[in-house]
Amino acid sequence: MFFGTAEPTPFDLRFNLLGIPVRVHPFFWLFWAMMGWVPRDPGSTAVWVACVFLSILVHEFGHALVLRAQGMDPEVVLHAFGGYASHHNDRRTSTWQRLVMLFAGPGAGFLLYALVRLLWSVPGFREWLSPGQMETQGQMRLLQALGYLQFINLWWGLINLLPVYPLDGGQMARELLRAWNPWRGVEMSLYLSAAVGAAIAGWFFFGPQREHPYTGILFASMAFESFQALQSRRY
Ligand SMILES: [Zn+2]
């Protein structure tokens with residue numbers, strides 16, 4: 001995922017994981033708590049925010065670990081909306097290396113999804129977690145968390161692979177089209193991004209998915225940005 005950059009603030013949470021520095025902007029917690037707000041059940045909001053945090057962290061570490069393997073030294077930043085894995089090296093990489101790095105984000109999420117599914121299929125686990133009407137609070141929360149983790153890592157991963165900027169799929173489309181046509185590839189990827197983004201926005205505004213207007217607004221704004229980028233390239 002890549003939605004702009006976030007300047008450091010004094011309220012950032014900073015830590016190191018696997019030798020890679022991580023910075024979490026305060027708006028990250030605020031934004032996702034708002035998105036998952038359940039007025040009568042703050043515990044459920046907390047579980048949701050924890051699952052989003054883990055999922056986006058795993059996604060960005062997919063990118064970051066590949067960047068490091070390619071000789072960069074990456075940093076992971078989570079901000080209001082999503083996150084990014086950046087680096088300051090200007091080492092040249094091949095199209096193939098960039099494609100692998102871009103796919104590694106959603107790929108890491110698919111691995112986490114598979115891991116949760118695997119846990120689910122362990123004999124007795126499902127019965128232990130959900131024994132009927134006798135669930136404890138902890139069992140209920142864990143059940144909820146496993147549901148969120150499956151949903152986020154499967155669906156956000158698939159959405160992220162759509163050829164729309166600035167999603168990973170949009171950047172993968174740019175790499176592929178530029179390799180195919182070095183002169184017009186970037187422009188073609190912007191046309192593709194604007195068209196697919198607009199179509200998906202339409203689907204979320206007018207199709208059977210009408211109860212998710214946020215996703216429609218998100219894709220409409222991504223399509224508009226691709227359209228603007230096309231305009232500014234022309235002049
Ligand atoms: Zn990504």
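**Close-up views of a predicted model**

View 1. The coordinates come from a predicted model. Strand 3 (residues 74–78) and strand 4 (83–87) run antiparallel and are joined by five bridges. The two strands make a hairpin, with four residues between them.

**View 2. The open sheet of four strands, in the order 1-2-3-4.** The pairing in this sheet is mixed. Strand 1 and strand 4 are at the edges and have a single partner strand each, so one side of each lacks a neighbour in the sheet. On average, neighbouring strands are turned by 20 degrees against each other, direction ignored. Strand 2 and strand 3 run parallel and are joined by three bridges. Across this pair, V22 stands opposite V76 in strand 3. In a regular strand, side chains alternate between the two faces of the sheet.

**View 3. The hairpin of strand 1 and strand 2, with two residues between the strands.** Strand 1 (residues 13–17) pairs with strand 2 (residues 20–24) in the antiparallel sense, over five bridges. L17 has I20 in strand 2 as its bridge partner. Strand 1 is hardly covered, and the count of buried residues among its five residues is zero. L18 lies in the loop between strand 1 and strand 2. L18 is not a glycine, yet has a positive phi of about 50 degrees. Most residues other than glycine have a negative phi. L18 is exposed, because 9 other C-beta atoms lie within 10 Å and the limit for an exposed residue is 12 or fewer.

**View 4. Helix 3 (residues 95–121), with its kink at A104.** The 27 residues of helix 3 should span 39 Å at 1.5 Å a residue, and the end C-alpha atoms are 38 Å apart, which agrees. The kink is about 40 degrees and lies shortly before the proline P106. Both A104 and P106 are among the buried residues of helix 3. An α-helix has 3.6 residues a turn, so residues three or four places apart point the same way. The cover over the buried residues of helix 3 includes helix 2 (42–69), helix 5 (137–160) and helix 6 (168–180).

**View 5. R98 in helix 3.** R98 is partly exposed, because the number of other C-beta atoms within 10 Å is 18, which falls between the limits of 12 or fewer for exposed and 20 or more for buried. Apart from its neighbours within four places in sequence, R98 is in contact with T93 and E175. V66 and R98 are 32 residues apart in sequence, and their C-alpha atoms are 9.4 Å apart in space.

**View 6. The largest nonpolar core, made of 33 residues.** The members that touch the most other members are W48, C51, V52, V76, Y148 and I152. Two or more residues each come from strand 2, helix 1 (26–35), helix 2, strand 3, strand 4, helix 3, helix 5 and helix 6. Helix 2 gives the most, with ten residues.

**View 7. The cis peptide bond from Y165 to P166.** Omega is near -5 degrees at this bond. P166 is found in the loop between helix 5 and helix 6. Most peptide bonds are trans.

Key. Residues numbered from 1 in each chain as written. Predicted model: local features only at pLDDT ≥ 70, side-chain atom pairs only at ≥ 80, totals over all residues. Pairing = 2+ DSSP bridges. Axes fitted to C-alpha atoms, helices over the stretch in contact; angles between N-to-C directions. Expected span 1.5 Å × (residues − 1). Bend = angle between axes of the 7 residues up to and from the residue. Contact = placed C-beta atoms within 7 Å. Core = buried A, V, L, I, M, F, W, Y, C linked by C-beta atoms within 7 Å.
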